[in-house]
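This short report is for a reader new to the structure. Please look over the sequence and the model before reading on.

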Amino acid sequence: MENTFSPRLLPPEEARIADGRLSLGVRLPWYRALPLSVTEIASLVIDGKQVPGEKIHLTLNGNRYSLDQLPEQVQEAWFVLDSATLDVDVALDATIDHQIALVVHLYPPYIPGLTWVTGGTLTLSAAH
Amino acid sequence: MSTNQTVQAGPKLGATLFAFTNPYHARRMGFEDLLRKVAELGIGPGVEVIGFSSIRNFPTVTDEFAARFKALVEELGLQPTSLAINADAALRRGTRMDDETMARYLEPQIRAAAKLGFPVVRSQFGATPEATRMLVPLLESLNIKLGPEVHAPLGPSSPPVLAYREMYDKVNSPLLGFIPDFGTNARDVPPGYVDLLRRKAGDEEAVQLALSIWRGPGDAFWKREEFNRQAAARGTAPGTASALSVVFSMLTSNAPESWASIMSQIIHVHGKFYEFDASGEETAIPCRDLMRVFTKGGYQGWISAEWEGHMYSQEDGFDQVVQFQKLCRKYIAEALAE
């Protein structure tokens, strides 16, 4: 799961808790832009607990999607320098640290059969 | 070329910005910064660009972007060599574009190359020979050459390449060719990549099994199957086997001489490489043999230095490209002097 993009998957400066809800910036773990249709948020674990997919929404280029809508987004390009935002509908206490682990699967559309698995972790420090 | 003709010039050297994926992806250097760095280090003048990597909204290229790019390469003394385009056959997971859809998908990418002043587009085998044949009138109208990249696990005699060669024989267009990648000619797996496999697998016996099969006889597809068979027999975890079997697709050990069969159709080259030993030689890519084959074969086009060590290293790639080109220059000169 760890690859060359893992250290950059979850930029610390793009993670925050606002109104008790977590918002995470996520980088595309690949060297070129890909359509959103070939990306998959495979797993999000917060403090050891798996977050159900229906609690997560992804926003890219100003458009917000549920995870089950992603395979249809052939026209939505995720540029390689941009972050998508994951909004997580789980109550979190901003006054304590949280451990976050994300796994993203990519299916590069020109490499038949490849599933590119990238895991990244982040410690979200308690707000001061 | 007749046998008594002296080879006067060898391949020309450049770089692909793919080599600098780390500083670009880390947002430390933008597209323009990379071009300036290539010029500053003298690792052009040839410069290859991946459309979907360097250009936002690609294949749309605005007039402003095109004008800025052309002014910049002129200012920096660089020369656009190849625009890497992508045959994204499976835009929808589990499906595959038909030939007409693929031709329509590639057309704006080829037009983008023309607009930016690239004479060549690097295509991929995700486009069938028929999809590519449909593009010939467009290539002719723009005077752009197109070639799919022959990347491991494929080699010059693999079935998809043979199918293209058959189509090329019928169409007989000077605008159609091939783009070899040196990863097909590895003599071993680079040490840094072996370390990565070790970390991923956490199973030294499985790593040694993969390496022994990789180093043995047989083609890449057979080797991958054989590894999976033996790994399953010894009870290797499926995830571990899967992580290790990637090595059979990334690198193959075709002889450098194998390119001779398509040398006259080679329109650009990806000089894939990884790392150097203490004496400055590439650890896996037989640079000397390859420069000899291409120089003696009369190839006078571009070789883009393509450092792929970023697969396991966080370095920027600039020092590596400088060193690789130094080796290439030495061995091209040696071949020319023979």
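## The four-stranded sheet

Chain A holds an open sheet of four strands in the order 5-4-10-11, and the pairing is antiparallel. Strands are DSSP runs (E, at least two residues) numbered from the N terminus, and helices are runs of H or I with at least four. Two strands pair if DSSP finds at least two bridges between them. Strand 5 (49-50) and strand 11 (116-124) of chain A are at the edges with a single partner strand each, so one side of each has no neighbour in the sheet.

Strand 4 (residues 39-46) of chain A runs antiparallel to strand 5 of chain A, and two bridges join them. Here A:Ile46 is opposite A:Lys49 in strand 5 of chain A.

## Basis of the model

The model is predicted: local features need pLDDT of at least 70 and side-chain atom pairs pLDDT 80 or more, while totals for chains, interfaces and linings use all residues. Residues are numbered from 1 along each chain as its sequence is written, with chains lettered from A and ligands numbered from 1 in the order in which they are written.

## The whole chain

Chain A has eleven strands and zero helices. Its C-alpha atoms fill a box of roughly 45 × 30 × 25 Å along the principal axes.

Of the 128 residues in chain A, 28% are buried, that is, with 20 or more other C-beta atoms, placed from the backbone, within 10 Å of their own. Among contacts in chain A with a separation of 6 or more, 73% join residues 24 or more positions apart; a contact requires C-beta atoms, placed from the backbone, within 7 Å.

Technical notes:
Buried ≥ 20, exposed ≤ 12 C-beta atoms within 10 Å, placed from the backbone. Contact = placed C-beta atoms within 7 Å.
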